[in-house]
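Student: I have a model open and would like to learn how to read its features. Where do I start?

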Amino acid sequence: MFWILPCLVILGAVLWIIDGIRKIGAVSTGAPISGRAKQALVLIDLQGVFWTSGVFDETAKETARIRILAEIDTARSKGQAVIAVRQEWSIPATKVVAKLLMKGQAIAGTQGAEIAASFADLADITLVKRVQDAFETNELDKILARLDVGHLRIVGLDLNYCVAKTAFAARHRGYEVVVVRDGVLSADAKLAEKTLLQLADQQVVLD
């Protein structure tokens, strides 16, 4: 019977890590919005550690850089808010998952978690997200409510994960969402095809 306790400890650890993985990919729900006419540009995970990771095609990355900067200029010319969201794994279980499966990238306090040089200091507001869905902490909800924003244009990284999960969460709340196709990158082209179909199913516009 001496083996029961160690087995329970191992099982508990495994379940804890599985819960961390679940939290990372979960899509939040929130209070439905209505009657908001303003638009904002949301920059997702344009951080040094991701931008320089080497997982994205260099030609596509340069195309995205040019488009993202153009989107920022357009938003500014129209008086629209530019909101940068950056990833920091800070929930204990997700930090362990990041260490085990993500090379420890973007754990709170690690090098490269800051906005990449190409996009530094260009946002009006910068906030931190803890999982793929930028709405998870409700901080983005509060900012968009204060700005009376009901329309989002999204650019950034990675289309299949943080971009898509944030777009889904926004649609659950009733935001009109546009994902700028040339302004997002994906490390997995085959998965991107599936993701684009899922976005379209949720009435996310692909511009």
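## Reading backbone, helix and core

Tutor: Start with a loop: Asp45 sits in the loop between β1 (38-44) and α2 (48-51). Keep in mind that this is a predicted model.

Student: What is the phi of Asp45 near?

Tutor: First the general idea: most residues other than glycine have a negative phi. Asp45 is not a glycine, yet its phi is positive, near 55°.

Student: Is Asp45 buried or exposed?

Tutor: Asp45 is buried, with a relative accessible area of 3%. Compare Asn138, another residue that is not a glycine and has a positive phi, of about 75°. Asn138 is in the loop between β3 (125-129) and α5 (139-146). With a relative accessible area of 39%, Asn138 counts as partly exposed, the class between 20% and 50%.

Student: Now a helix. How many residues does α3 have, and how far does α3 reach?

Tutor: Helix α3 (residues 58-77) has 20 residues and spans 29 Å from its first C-alpha to its last, close to the 28 Å expected at 1.5 Å a residue. Just after α3, Gly79 has a positive phi of about 75°.

Student: Which residues of α3 are buried?

Tutor: Lys61, Ala64, Ile68, Glu71, Ile72 and Ala75 are the buried ones. Viewed down the axis of α3, the buried residues fall within an arc of 100°, so they line one face of the helix. That set packs against β1, α2, β2, β4 and β5. Thr59, Asp73 and Ser77, on the other side of α3, are exposed.

Student: How many residues are in the largest nonpolar core, and which have the most contacts inside it?

Tutor: The general idea is that in soluble globular proteins, nonpolar side chains tend to be buried together. Here the largest nonpolar core has 33 residues, and Ile83, Leu144, Leu152, Ile154, Val179 and Leu199 have the most contacts inside it. Elements giving two or more residues to this core include β2 (81-87), β4 (149-156) and β5 (176-184). The largest share, 8 residues, comes from α6.

Student: Which residues does Leu144 contact, leaving aside neighbours within four places in sequence?

Tutor: Leu144 is in contact with Arg36, Ala40, Ile83, Phe135, Val149, Leu152 and Tyr175. There is also a second, separate core of 26 residues, with Trp89, Val97, Ile107 and Ala116 among them.

Conventions: Residues are numbered from 1 along each chain as its sequence is written. This is a predicted model: local features need pLDDT of at least 70, side-chain atom pairs count only at pLDDT 80 or more; totals for chains, interfaces and linings use all residues. Side-chain values use heavy atoms; hydrogens and water are left out. Helices (H or I, at least four residues) and strands (E, at least two) are DSSP runs, numbered from the N terminus. Buried means under 20% relative accessible area, exposed over 50%, partly exposed in between (1.4 Å probe, protein chains only). A nonpolar core is a set of buried Ala, Val, Leu, Ile, Met, Phe, Trp, Tyr and Cys residues joined through side-chain atoms within 4.5 Å. Contact means heavy atoms within 4.5 Å. The expected span of a helix is 1.5 Å times one less than its number of residues. The arc is that of the directions from the helix axis to the C-beta atoms.
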